[in-house]
Structure formats: structure tokens, C-alpha cells
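The sequence and the structure are shown below.

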Amino acid sequence: MSDHEYTPKSKAGKWFNDRLPLLTLANHLTDYPTPKNLNYWWTFGGILTFCLITQIVTGLVLAMHYIAHADMAFESVEHIMRDVNYGWLIRYIHANGASMFFLAVYIHIFRSLFYGSYKSPREIIWIIGIIIYLLMMAAAFMGYVLPWGQMSFWGATVITNLFSAIPLVGEGVVTWLWGGYSVDNPTLTRFFTLHYLIPFLILGLVVLHIWALHVPGNNNPVGIDVKKPSKDTVPFHPYIVIKDGFALLMFMIVFAFFVFYAPNILGHADNYIEANPLVTPAHIVPEWYLLPFYAILRSVPDKLLGVVAMLSAILILAVLPWLDTSKIRSAVFRPLYKQFYWILVADVLILGYVGAMPAEGLYLLIARVATAYYFLHFLVILPVLGLKERTIPLPLSITEPVLGGSPNMAMAKKKESKIE
Amino acid sequence: MFCVSSAIVISAEKVEYLKTDWTFKGLFGKFDRASLQRGYQVYTEVCAACHSMKYLSYRNLSEKGGPEFSVAQAKAIAASFEVTDGPNADGEMFQRPGKLSDKFVMPYENVKAAEAANGGAYPPDMSVLVKARGGGVDYIYSLLQGYEEAPSGMILDDGVHYNKYMYGNKIKMSAPLSDEIIEYSDGTKASVEQMSKDVTTFLMWAAEPSLEARHQMGFKAIVYLIILTVLVYFSMKRIWSRVKSEV
């Protein structure tokens, strides 16, 4: 969003651009003024785009060899692993790519929570993000069903059965979802279709997510509005492009480690046993990235309320911009919020841990306390905190500390470095 | 009248698996070729009586990164099995010697037949068995050596055996290995420990035939990424040096 009107230099470029302003768009994307104080937590947007494209490309290749049929799916996956050229590589990238995608999205979400990126005027960006996150979970869940192993089958059975909790029509809904009276071939084929569709929906939403971002521009670690373009900003290219690229490469090293040296560590051994409707695995557990919500689901004794709690845990995020009453965005200037933020991080990690454990005894108790705290954080702590908290005064601009520094910023910086 | 039966106490504590030095672990891990060939011998002479390996083909035996039998050897192995083919021009199924392109011949027609012959327990297909068990190779290696006398007080049904490493300690498979049960063609002493190690190595390859290629490519890919990361880091420093800020 530069001040000047962009005109292509060449005649042909001008002719084309007058009819379809793609060059204007490209110019906007490269010139896009970005706060220059963005830290590495801001590089995960680019990393996530990479993850999405990686999943789509590897997924397309897998779909060329995979057979969505209850009798052949498991075998076709082994065919990919053994007989398709570099099929093992493509499949391991896709399977571990899902985990990497979620790792990145969790960092991205928690960055937003720390720096208050969801607050006015960025509510729409945030809500689109939550929808993307929901779709990611749906895509990942259905993707996990496709190899038709034991966890695929029983995971699908457990999750689809949740819909039976809906009063009156529950049972009917479940039969409708299954396309029969149990998880079977019709379930597999429709999951495959949806698994293929959802990534493209996500892609569309990502475009909207970025579009909505480019209206107010990026938030930044200080959380104050930045005049654009000004000495506070740098053009997206080359400054942010190279920084995102550097962070992406670091991320790819971690990614490569999993793909090449521990490709099955994030999966469950039972999924290498072909689906068998007559044998239930000892513990049915979802993939690691869904565990906190699984813990919330199981911590409520009533089935319907458990489902409601699980869904609320995600949907509550959509109204977060209105639950958080504080006008200050960045946690750097909210000493109390910062503490509660880290408690929430710990709480979600604890939920993830107990989600992987059997729902009994001490684990169940911990899950209940952690679930209660999760909702307490959003419904009580955040609204009250925004009204009561004594915040640290904000600097006038993000350049201020760079050009000599204000006492506020110096203090904030010191605190920040401790976190990172 | 109440009859207090002696409760079977299943030890809930985690058992430590037996450890051995696997050559295929680590950044540069590769299979021990001789061990793979011996492992195939154990599989085909012992395990294959009950356990199928339906995702493997005889051609795999001569492929790079595997036991690497010569093509002639693999052909001979394939030909030693009778394969049902057909239907022929008369509409009849017929038997013929196996070819490299054939899948490993299964010991039973189907799962039901396998169950019927094994007291109701299906001997699992071994193609990806190592990846289908939580403890992986260490678990299989231990299980093969985990047969012991059942502790006193533990009642075992007919056809059920005690195994230290089996989940719940009860297993329907009788101890498959005993010293010198087979004679290794390369002269190695066929102790239970040796055979366990060889056959587990073979099963690891069967489950992950691309393991060596994966390790080799992984090393190259990561070294490449590290070099590129360093170059991009310095480019980034240079580009950002134009701006009064810190990266």
C-alpha cells in the first residue's frame, strides 16, 4: 500500500495491468510496509503457507496411487511405500507434514495470544484463522483415517460417534455420516473426498486471511499502531522475505529430521495393523495435536456436555477479541496478563499430556482441573484483567527505542528477552 | 457358596526390553547384509510356516538395500515356491513355480484358515510387524527370547504360553526358536539369540525396505539445508544492515 499509484514500466505491462491489475497486486505484495521490529515468532505465517503447499503437492501425488476402498486402502499405502518411486518419501513428508503444520499453527496462534494480534482492528483476520484451524483439524482427522489402519478405523468410530450425543436426531446423523450402520467403505470414500476438498477451502481462506491482514497491516511486538509507510516500516521484499526464508529453512531442518530419521515417531504403532472392526485397540488415542481437546471431551462425565465443552473450547477463541477487554495489545506491557498467558500455555500442555493417558484416577482429576482453568482463563480472567490490570506505559513509536530508547522500551525489551 | 479363585495377577510394571546393537540405527545406519540373509532363512524355515508376508515380492530379495541376494539366487528362491495362477485358456486355475514378480506365498488361504489351524489365533502378517508394535525391533527381539516357565499361581489354558515380554504375558505362539533349530548356510552358530537378532533385522527391512536410501538422502538433505541456512543468514544480515534495526 504505497502512497503512489503504481504504473508498469513496459507498454505491454501497462496494457495488461489496465485490464487485470495483477502487476499492481504484485507490486503491493513486494512493497507492503511491514513493521521492522517483527521478531521470529512472526515468521510462522510464511512457514504455514509452506506447510499448506507441501501438503497439497504431496497429497496430489499420493492420491494418484492411493485407493480409497476398505479392502484396498491399507495395501495401496504399502504399495506407495514399496513400489512407487520415492513413494516412501512423499508419504512420510505428508504424514509428518501434518504434524509440522500443527506445530507451526500452534506457535502462530500462541504468538497472536501473546502480542494481542486478535484485537481491534484485526478481529476478522483472527476469526478466519480460527476457521482455518477448525478445517485443519477436520482435514487431519480424515487424513488419518485414509490408511485404514486400526487407529484410523477406531478413531473414526469414536469421533463420528460424538454426533450421536445430539438430542433426538443424533443416531440418525451418525448413520448419515457413516453412509451405513458402522464405519465402512462409504465412510472411507467420503472422508477421502472431503480430505481432498478441505485443503483447497483452506487455501481460499488463507487468501482472505492475508487480504484482511493487508488492510490494517501487521501487528508487532510492541503492539502499537505503526504509521505506514514510515521509518517504522520496511518493504516486505526483500526484508521480510529473506527473514521468513531464513526461519523457514530452520524449520525445514527440523521437518527433515522427522521425515528421514524418525518418520513414525509421531504416529501410533497400531495404525500399521490393518483395520479390524472386530478387535478394539487397548487405547484409542488421536494424533498429538488433537490431544488437548480430547482431554476436555473426556473430562466431562456426560457425553453431550463433553462434546459441547470440546467444541466450546475451540469456538471460544472466535469471540476472544471481545472477551479480552484490555486495550493494550502486547503482553510486554501487561505484566499480569503475561503471567496468566504462560499459565494458559502450561494448562494446554497439561491437557495434551493427560489426553494421551487413560481417563481414570489422577489423570482424570488433572484433566478436569485443567479443563476448568482453560475456560476460567477466557471467561473470567481475561475480561476482568483488562479492566483491573495496571499496565506499563506504551512507547510513542517502535522507532523510539531503536533511535536511543525510552525507559519503557528498555524495560520491556529486557523482559522480552527473558521469555525468548 | 463362594469360591475364591486364585486371582491371576498380571504384572503391570513395564518390562525392560532386551537390547542389542542394531546396525541400522543412527544417522548412517545400514543393514548387516549377512544378518538379513540369515534372517530370511529363519523366516522362511521357521516363521513362514504360520506367518504370511503378503506385501513383499521375491524380487525385493535382490533389490538394493535389502538382503541383496543375487538375481539368480532370488529367482531360485521364488521358483522353490508353488504359486496358484490362472485361469488358463480352459478356465482352470493351475500351479506353477514362483517368479520374481510374485508376492511371497502365504501359508494359509485366508485369515479364517490361519485361525482354524492355530487354535483361533491369527498369526499376524509380518510385512510391517515391526512398525505395528510399540516397542519395535527391541520388542520382537525380546519376545522371541522371552519364553519362560509361568510363575506359580498363573494358570495357562491349553495352547497358551508364558512370555515375559508379551502384553499380559500370555501368548498363543509356542516358543518358535531353539538352539540349532536350523542350520545357517553361512556356518554361523544358530543360537536363539543369534536367530532372534537376524530375523528381527530381516523384519525391520521388510517393514522399511527404503531405510538405507532414507538415511543416505536424509544426511545429504540436512547438510544441504544447513549450508543454505548459513548462506541465507549472512544474506539476511547484509540486507538488514541497511536498516537501523536489529534482526
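What share of the contacts in chain A with a separation of 6 or more is accounted for by residues 24 or more positions apart? The share is 74%. The model is predicted, and the values that follow are computed from it.

## Chain A

Chain A is built from 17 helices and two strands. Its C-alpha trace spans about 70 × 60 × 45 Å along the principal axes. A compact globule of 420 residues would have a radius of gyration near 22 Å, and the 24 Å of chain A agrees with that.

Of these 420 residues, 37% count as buried.

## Chain B

Chain B has six helices and four strands. Read from the N terminus, its elements follow the order α-α-β-β-α-α-β-β-α-α. Along the principal axes, the C-alpha atoms of chain B fill a box of roughly 90 × 70 × 40 Å.

The radius of gyration of chain B is 25 Å, but a compact globule of 247 residues would have one near 18 Å. Of the 247 residues in chain B, 30% count as buried. Among its contacts between residues at least 6 apart in sequence, 60% join residues at least 24 apart.

## Contact between the chains

The contact takes 25 residues from chain A and 29 residues from chain B. On the chain A side, the elements that give two or more residues are helix H4 (73-82) and helix H10 (236-261). H10(A) gives the most, with 14 residues.

By class, the chain A side that touches chain B divides into 18 nonpolar, three polar and four charged residues.

## Helices H3 and H10 of chain A

H10(A) also packs against a helix of its own chain, H3(A), residues 44-65. In general, two packed helices are described by the angle between their axes and the distance between the axes. Here the axes come within 9 Å and cross at roughly 55°. That angle makes H3(A) oblique to H10(A), and the crossing is right-handed.

Which residues of H3(A) meet H10(A)? They are A:Gly46, A:Ile47 and A:Phe50. On the H10(A) side, their partners are A:Asp244, A:Ala247, A:Leu248 and A:Phe251. The contact of H3(A) with H10(A) has five nonpolar residues, one polar and one charged.

Methods:
Residues are numbered from 1 along each chain as its sequence is written. Chains are lettered from A and ligands numbered from 1 in the order in which they are written. This is a predicted model: local features need pLDDT of at least 70, side-chain atom pairs count only at pLDDT 80 or more; totals for chains, interfaces and linings use all residues. The radius of gyration is taken over C-alpha atoms; the globule rule is 2.2 Å times the number of residues to the power 0.38. A residue is buried if 20 or more other C-beta atoms lie within 10 Å of its own, exposed if 12 or fewer, and partly exposed in between; C-beta atoms are placed from the backbone. Two residues are in contact if their C-beta atoms, placed from the backbone, lie within 7 Å. Ala, Val, Leu, Ile, Met, Phe, Trp, Tyr, Cys and Pro count as nonpolar, Asp, Glu, Lys and Arg as charged, and the others, Gly among them, as polar. Axes are lines fitted to C-alpha atoms, for helices over the stretch in contact, and angles run from 0 to 180 degrees between N-to-C directions. Angles under 35 degrees count as roughly parallel, over 145 as roughly antiparallel, 65 to 115 as roughly perpendicular and the rest as oblique. A crossing is left-handed if the near helix is turned anticlockwise from the far one by less than a right angle, and right-handed if clockwise.
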